[in-house]
Structures are given as structure tokens and as C-alpha cells.
Amino acid sequence: MEEEEAAAAAVRCPVCLRELPGALINSHLDRCLQAGKGDAERGCSPPPKKPRLAAAVPSGETPSAAAPVFSLFHKSRGGGGQSPGAPGEKPEEGGGGAALRGASLAQKLEGKPLADRLRPDTLRDYVGQERVLGAQTLLRSLLESHEIPSLILWGPPGCGKTTLAHIIANSSKKTGARFVTLSATSAKTNDVRDVISQAQNEKRLFKRKTILFIDEIHRFNKSQQDTFLPHVECGTVTLIGATTENPSFQVNAALLSRCRVIVLEKLSVEAMEAILMRAVRSLGVQVLGKADQHDSSATGSSSESSEFPVYIEEKALSTLAYLCDGDARTGLNGLQLAVQARLAAGKTTPVSTAKGCSADGVLITEEHVKEGLQRSHILYDRAGEEHYNCISALHKSMRGSDENASLYWLARMLEGGEDPLYVARRLVRFASEDIGLADPLALTQAVAAYQGCHFIGMPECEVILAQCVVYFARAPKSIEVYKAYNNVKECLRMHTGPLPPVPLHLRNAPTRLMKNLGYGKGYKYNPMYKEPVEQDYLPEELKGMDFFKEQKT
Ligand SMILES: Nc1ncnc2c1ncn2[C@@H]1O[C@H](COP(=O)(O)OP(=O)(O)OP(=O)(O)O)[C@@H](O)[C@H]1O
């Protein structure tokens, strides 16, 4: 009877934390551990990125938000650690210089985005970032000796933060460590807690270390960051956080002090050329140098073009490397879109190479890659001009009380990956500059919106900003204070000679000497008077000045 009760009592699985009847726990545990291996066999990539605005999103891709937790176990996968479809160290089938025909290439470009498929698995294929990962650097020797400290990888979009984490994930398998990924854009505090308690169990039961990669860690609020602080401190998890934002402002000071901050830079044009060259090689696209001849005006029929080889001008690659502004994902997306668009257009060009071969082929020129980039990247460039263009359009739409346009520009920025706090700061400014005393509550709204965004981050905070933007578009406007203050500044700027002294009666007189000097003398303390008080507050020479009146220029 006791045995039956024990068998029926619920027991928690130490690996997956599910409650099960005691009788089933042993067989479940075996399966659970096997499933761990299975996970490893499925792949150890960090979650795919949310595509940027208008970036290539081939059909069949699932967004990362669907599965915030990825458990990556230490067992090596079959096939030498290559994820399916990822070229890794070896060129893809048909790549490595062999020309692919248009139809096979089009097929190859469907599915996983090119940038994800080409994500390096080893440091050998990781291009650039010599300052932190060069031959003699501390980080490289730590990685090579598989000693992974807690790290914050800080750098601009597409510079290789997630890729570096992916390489660490691969190398950590060799030491038997688990690698778990969370994305701060989709993970909840409970997901963090689950990962931590699994890590505790793994450490206690199997002496296995857990490396926790948190992408976009700046999107976690303070209390979420606090959740893993003690566990990083006591070594239950090794934290690797990736962020595009300055960690001094976005990561808890206590957490920051327990991590090494690795500053990654925008990839150089040369590094981008190397990444793009590797991409065209893996796709089997042939690069045409200056010595090669082609007539880009000649065209063939679309049905035939699928049978032709695909070429890209060397100049097109260097322009792409230059224009993508050190963002490898943008460069690879631009290349993918240009190739796909050319294959879809189905136009062929006679090409004769310096080696004396001449044939018709699908040609990708500088113009085509610019178009590809236009569609994937330049629409919204967080660091570039578009960032200023969009915020200016938002400001002017609110000023013009156009609520539809205001919402449109807001969404265009947020969907393009803009930092919500940047927009919120502009709203605080707008509340004073354009609404001012016509509705003093606007400032409270803006500050509340800023704090709300700070507390909950994207994507939840988008509606806070939307509410504030519509409130502002509908609010009455007044630039009275803004203009008056500018008049005061102008008055100070135009003043020649020493600035007028503060009138003695307005000065405080905390000491006897000051009193003797006449400080505070004759000052009329307003609350003592029933009637309005006649008293000057401006310096003598500005007596009667009205900054609220239109000033002469
Ligand atoms: N240093 C690099 N060497 C080779 N390929 C790279 C490098 N950096 C980035 N890439 C390529 O660019 C793609 C995007 O890079 P990754 O996801 O690592 O950028 P990220 O810095 O994490 O960007 P984000 O901040 O937008 O998440 C990768 O899949 C990879 O193909």
C-alpha cells in the first residue's frame, strides 16, 4: 500500500521540472536526458533575428518570438557539428567556386535567410574585430582554453555579437557545458527563472555548467536583470549578454561589474568584402573583375535565364561592402535580395571573361545591389540620416496636429528597430517646445511615457508611445514659453560689456557684512502685502523689458 502511494506521488523531474507520478520518473528521466541530446542534434544556433523592415523574409521562416527558450546541449551533433543548411567551414554543395545555374541558385536562396545560413561556427571564419579577438588578445586565449567568463557583448547591429555567442556555444559543447539562449524581446521573468532552476539542477546533479546567452539584454528591465544577478555571482550560470546600447546605462551596475564588457565595432569595409566574398562563393556566383567584359543592355528570355550561370560585378560587391555601414546582416540581405530580384527578372547578358570564356549569364551590377539595399536597409537606418528624417517627420506631424501621420512615423521608426527611449526623449522635448502652457499636463504625459518605456521595453511599450503621440497631435499648441525663453537667450548673447549686477534688494543677506553692504535692503516680501507689490525684478538696464513680445531682430 505504501509502495503504491509512493509510486503515485508526484515527483519533479530535475531536468525539465515537470511533475510526474513517482512510478514514471525513471523512464521519464531517461527520455528527458535523451531529449537533451536530441536538442543538440537539432542545432545550437541562437534564435533567428526578427527581420528588419523590408528585409528578406523567405517563406517558411518562423519568427524567433515563437520560442523564447532554446536549450542547447553539449553533445556533438552528427555531421561534424554543422547545422543543416549552414555552410560553416566547408563551402556549400555547388559552391566553392563552381558556378550555379540560376534555377538551382533561386532554390538555394529560399528558406533560411542567407545571413543565418552563413553564420560562422568557428573563430576561424569570424571576420574582423581584431582589437578584441586578435591573435594575442585575452578574449581569444580565454575562448581557446574554453574558459568562458561572463560577458556583455556591446556593438552596433550586425557586427557579430550573436555570431560570437554562437561560436562560444559550439566550443562550449567540447567542455560539456550547456548553452541556453533567451531573447529579452520575448522572454518573461518566468522563463529566466526556469532557466536558472534548470541550471541549478544541472550543476547539482551532473556537475554541468550552463552558459546563458541573452540577446538584446538591454530590453530586460531592472527587476528582470536582478533575477539572474545572484546566480551569475555564485557561478550557477555564465552570462553572455548582447546589446546595441551602452551597457553603462542599460545594464544594472551590479551585473555589469560581474561581467567583462567586450566592445565590438562596426565591421570595416575590408571585413565586409571578405564576408560578401565568402557568401558569393558559397552560392556559386562568379565574380567579374575589371578585365571581364559584358554588355548589360542585352537581354534574354525569362524562361531561358534559369539555365544560365550567375555573375556579379566586383564593383557591385565593393559598393555593397561600403554601403552596408559595417552591418553584415544588412550586406548579406542586400546581396540576397539583389540576386533574387535578378533571377526573378530573368534577364541575361553576354559575358566574356578575361580567361577567354564567353557565355550568356544573369548579371548583378552595382545598380542592382543598390536597389537590393534600398529595399532591405536604407528605408530605416538607425545610425544614419533616415533616423533624423523620421524623427523630424514625427515632430512636424504632431506639430501639425495630424494624428495619422504622427502614428505612421512612430511605427516606421519602431518597426525599423529604433530605440523607444530615443523617441520618448523627443516627446518630452515636444511637450514643452510645442504644447507648452496650452496644456501643461503634456509634459507629465511625456515623462510618464518615457518611464513606462523604460520599465517595460519593446514591444509592449510601443502602445505607450502611440498613446502619447496621439495625445500630442490632438493637444492645443503654444510656443509662447519657448519663444520667450529664446528671446532671453538672445538678449544675453547680444549684451555687450559686463552683465548687469543682480539688484541689491533681490540679493540674499545671510551675514551681517552683506546686510551692511545693502544686500536685501528695500526688498518687499510679497506675502506681507494685500495689494500687488510695486517692485523691480529685472536689472536696472532691462527695466520694462517684455520677452513675451515679438522682439526686434
Ligand atoms: N564578424 C563576422 N564574421 C563573419 N560573419 C559575420 C560577422 N558578423 C556578422 N556576420 C554575419 O552577419 C549575420 C548577422 O550577425 P549577428 O547576428 O552576429 O549580428 P549582431 O551583432 O548580433 O546583430 P544585432 O544587434 O542586430 O542582433 C550573421 O548571421 C553572419 O552571417
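Biologist: Why is F220 called buried?

Modeller: Buried means under 20% relative accessible area, exposed means over 50%, and partly exposed is in between (1.4 Å probe, protein chains only). F220 comes out at 3%, so F220 counts as buried. This is a predicted model, where local features need pLDDT of at least 70, side-chain atom pairs count only at pLDDT 80 or more, and totals for chains, interfaces and linings use all residues. Residues are numbered from 1 along each chain as its sequence is written, and side-chain values use heavy atoms, leaving out hydrogens and water.

Biologist: What makes M528 exposed?

Modeller: Its relative accessible area is 67%, and the cut-off is over 50%, so M528 is exposed.

Biologist: Back to rings: why is the pair of F220 and F228 called tilted?

Modeller: Rings of Phe, Tyr and Trp (its six-membered ring) pair if their centres lie within 6.5 Å; planes under 30 degrees apart are stacked, over 60 edge-to-face, the rest tilted. Here the centres are 6.1 Å apart and the planes sit at 50 degrees, so the F220 and F228 pair is tilted. F228 is buried too, at 0%.

Biologist: And why are F430 and F472 called stacked?

Modeller: Their centres are 5.7 Å apart and their planes at 20 degrees, so that pair is stacked. F430 is in helix 19 (residues 420-435) and F472 in helix 21 (residues 462-474), 42 residues apart. Helices here are DSSP runs (H or I, at least four residues), numbered from the N terminus. Ring pairs also link F430, Y471 and F472 into a cluster.

Terms used: Helix = DSSP H or I, 4+ residues; strand = E, 2+ residues; numbered from the N terminus.
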